[in-house]
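Student: I have this one open in the viewer. Walk me through it, please.

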Amino acid sequence: MPLFLFTGSDSYRIQKKIEYWKKSFSEKHGGETNITILNGEKIELSEIRSAFETLPLFAEKRLIIIQDFLKNTKPKKEEEDEEEVENTALKDQRKLATALENLSEDCVVVFVKEGSFPERR
């Protein structure tokens, strides 16, 4: 299963790289039908897992780009407890890891994380 991580502080180059990958993939695998771009900041884990399980349509591969997956680990409301949010985020990340273990060979997954990773506590 091809799995990639694009990360760094140069947003412009990351976006250019994504555009290059989308164009190259589209040319090689017959259009944008099998390209899925997900906003990890606003998406539920079930939607990501659903994208992983979707088979390619009239092609050998699917390209799934997940942007800013780690951003949804912040409290959504002021009254939410940060520790509870961190525990939920950790559970989601473990579920995602399990989904990635079962990912078929016809999926190419790219995680995009602009900026630096949060420091561990």
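Predicted model: local features only at pLDDT ≥ 70, side-chain atom pairs only at ≥ 80, totals over all residues.

Student: How many of the six residues of S3 are buried?

Tutor: Five of the six residues of strand S3 are buried, so S3 is largely enclosed by the rest of the structure. Buried means under 20% relative accessible area, exposed means over 50%, and partly exposed lies in between, with a 1.4 Å probe and protein chains only. Helices (H or I, at least four residues) and strands (E, at least two) are DSSP runs numbered from the N terminus.

Student: OK. What pattern does the protein follow along the sequence?

Tutor: The pattern is β-α-β-α-β-α-β, with three helices and four strands. Buried residues account for 34% of the 121 residues.

Student: What order do the strands take in the sheet?

Tutor: Strands pair here if DSSP finds at least two bridges between them. The sheet is open, its four strands are ordered S1-S4-S3-S2, and the pairing is parallel. S1 and S2 are at the edges with a single partner strand each, so one side of each has no neighbour in the sheet. From one strand to the next the twist averages 15°.

Student: Which residue in S3 stands opposite Thr36?

Tutor: Ile64 does. Thr36 lies in strand S2 and is buried, at 19% relative accessible area. Contact means heavy atoms within 4.5 Å. On that basis Thr36 touches Arg62, Leu63, Ile64 and Ile65, leaving aside residues up to four places away in sequence.

Student: And which residue is the bridge partner of Leu63 in S4?

Tutor: Axes are lines fitted to C-alpha atoms, for helices over the stretch in contact, and angles run from 0 to 180 degrees between N-to-C directions; you will need that in a moment. The partner of Leu63 is Val108. Helix H2 packs on the sheet and touches S2, S3 and S4, with its direction at about 165° to that of S3.

Student: Switching to H1. Which residues of H1 are buried?

Tutor: The arc I'll quote is that of the directions from the helix axis to the C-beta atoms. The buried residues of H1 are Ile14, Ile18, Trp21, Lys22, Phe25, Ser26 and His29. Seen down the axis of H1, they fall within an arc of 125°, so they line one face of the helix. They pack against S1 (3-8), S2 (35-39), S3 and S4.

Student: Which exposed residues does the face turned away carry?

Tutor: Tyr12, Arg13, Tyr20, Lys23, Glu27 and Lys28. After H1 comes Gly30, with a positive phi near 75°.

Student: What does Ile14 touch?

Tutor: Phe6, Thr7, Gly8, Val112, Lys113 and Glu114, not counting residues up to four places away in sequence. Ile14 and Glu114 are 100 residues apart in sequence but 7.7 Å apart in space, C-alpha to C-alpha. Ile14 counts as buried at 8% relative accessibility.

Student: Now the core. Which residues in the largest nonpolar core touch the most other members?

Tutor: A nonpolar core is a set of buried Ala, Val, Leu, Ile, Met, Phe, Trp, Tyr and Cys residues joined through side-chain atoms within 4.5 Å. The largest has 16 residues, and Ile48, Phe52, Ile64, Ile66 and Leu96 touch the most other members. H2 (45-53), S3 (62-67), helix H3 (82-101) and S4 (107-114) each supply at least two residues of this core. H2 gives the most, with four.

Student: What does Phe52 touch?

Tutor: Beyond residues up to four places away in sequence, Phe52 touches Ile64, Ile66, Leu96, Ala99, Leu100, Leu103, Cys107 and Val109. There is also a second, separate core of eleven residues, among them Ile18, Ile35, Ile65 and Val112.

Student: Last one: is Phe58 buried or exposed?

Tutor: Phe58 is exposed, at 79% relative accessible area. Phe58 sits in the loop between H2 and S3, and its phi is positive, near 60°, in a residue other than glycine.

Technical notes. Residues numbered from 1 in each chain as written. Heavy atoms only, no water.
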